[in-house]
Amino acid sequence: MAELDWHAERSDLQGLAQLDRTSLSSEIDLVAVRTYRQQRVRQKMAEYDIDAVILSDPVNIRYASGTRNMQVFSMRNAASRYLLLTQNRSILFEFTGCLHLGEGYETVDEVRPAKTASFVAAGPQIAEREKSWASEMADIIRELAGIRNATVGLERLNAGTAIALREAGLTVVDAQQPVEMARAIKSPEEMKCVIASLRATEAGVGKLREAIRPGLTEAELWSVLHKSIIEQNGDYIETRLLNAGSRTNPWFQETSTNVIGENELIALDTDVVGCHGYYSDFSRTFHSGPDRPSRQQQDLYKVAYEQVHYNMSILRPGMTFRDYADRAWNIPAKYYANRYYLSAHGCGMTGEYPYLYHHGDFPDAGYDGLVEPGMTLCVESFIGEDGGAEGVKLEQQVLITETGTETLSLFPFESSLLGDCQAGAALT
């Protein structure tokens with residue numbers, strides 16, 4: 001592959017293209033991606049009558065502005081950096097010593113130092129710090145919005161800051177709904193970022209599959225994917241979901257020092273925050289060898305494969321969430337207790353709106369809405385009997401189009417586990 005001219009990127013004057021550099025980046029208009037996302041947030045703010053939002057979730061800051069800085073650290077220290085967004089102004093309050101990281105973005109009008117309102121930073125003066133912070137933010141919002149009793153959407157900050165903002169005369173609401181609804185619909189240019197992240201993750205899963213051998217620990221095998229993601233300038237993996245043998249059932253047992261044995265199933269869920277900050281989320285189950293999979297292992301795999309592909313086949317734009325739940329694949333009784341908690345979920349820069357629930361869970365947990373073109377969804381399956389020896393985890397990421405779905409995750413399935421079942425592009 002020819003060396004890419006990273007200096008040709010319009011926003012590279014500040015080295016921004018190096019931050020999001022991937023082998024596919026030259027084909028993506030990142031300015032268009034950032035501009036679209038910020039417009040989506042402003043559109044939803046207007047729909048929900050919100051004059052300003054203060055975003056502190058680093059994923060949402062990145063969505064609304066394109067800026068990134070110590071994303072995992074910022075999740076744990078929510079007040080360390082934040083973005084104030086109104087209809088006509090975007091001010092990034094950046095972590096101490098990091099103001100230069102916000103320079104050069106067309107989506108950021110101004111960068112100011114963040115005034116961290118946390119107990120760790122302020123100690124016993126926390127209440128005074130929160131009031132001072134809220135007073136300053138209220139003054140800025142009133143000036144930008146042009147009204148005194150502005151409505152501000154807030155997320156992931158101390159309870160004291162929300163109280164102080166309200167006492168300063170602002171109406172405080174939750175920012176989750178407008179931001180999640182904004183993120184739900186992807187632009188065609190945004191989808192190029194999703195594809196870049198998926199292709200990089202698939203390369204990493206391929207290396208992991210090649211590395212499988214009895215005698216490795218789960219953690220040693222899992223590290224192969226981590227290494228590949230970082231090498232390709234992805235960000236991190238959100239979870240620790242690779243298990244072998246009896247630790248595949250029930251699901252959600254975190255990766256450990258358990259040694260992989262012979263002829264065991266190995267199940268994983270990628271959960272990669274990869275290239276350009278986009279979530280690459282698909283699941284696969286492998287077999288450790290050296291013999292061929294047992295009939296029981298094949299049966300589990302075939303059932304999971306059937307569930308995922310049936311549910312992919314019924315997804316249509318305009319379908320309600322309730323209709324999807326009613327029409328979705330019926331989980332056999334012996335696998336129902338250990339079912340995955342969702343049938344499908346939204347996927348963008350992380351897992352996101354909407355959640356699509358199983359028919360049996362819909363009355364208690366489900367909510368209605370519409371499947372829309374531009375949504376990216378992950379269709380899930382976990383199949384393992386309650387008390388069974390092993391389980392199979394499979395998942396596919398799809399785009400909702402104007403006419404149906406487009407499969408985004410292209411990593412093949414295992415022909416040795418599918419047996420006589422039609423696998424499409426399956427590995428031998």
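Biologist: What covers the buried residues of α7?

Modeller: The cover includes β1 (52-55), α6 (126-145), β5 (151-154) and β6 (171-174), where contact means heavy atoms within 4.5 Å. Helices (H or I, at least four residues) and strands (E, at least two) are DSSP runs, numbered from the N terminus. This is a predicted model, in which local features need pLDDT of at least 70, side-chain atom pairs count only at pLDDT 80 or more, and totals for chains, interfaces and linings use all residues. Residues are numbered from 1 along each chain as its sequence is written, and side-chain values use heavy atoms, leaving out hydrogens and water.

Biologist: Which residues of α7 are buried?

Modeller: In α7 (residues 159-167) they are Thr161, Ala164 and Leu165; buried means under 20% relative accessible area, exposed over 50%, partly exposed in between (1.4 Å probe, protein chains only).

Biologist: What makes them line one face of the helix?

Modeller: Their directions from the helix axis to the C-beta atoms fall within an arc of 100°, so they line one face of α7. On the other side, Ala159, Arg166 and Glu167 are exposed.

Biologist: Why is the pair of tyrosine 82 and tryptophan 133 called edge-to-face?

Modeller: Rings of Phe, Tyr and Trp (its six-membered ring) pair if their centres lie within 6.5 Å; planes under 30 degrees apart count as stacked, over 60 as edge-to-face and the rest as tilted. Here the centres are 5.7 Å apart and the planes at 80°, so edge-to-face it is. The pair joins strand β2 (residues 82-86) to helix α6, 51 residues apart, and both residues are buried.
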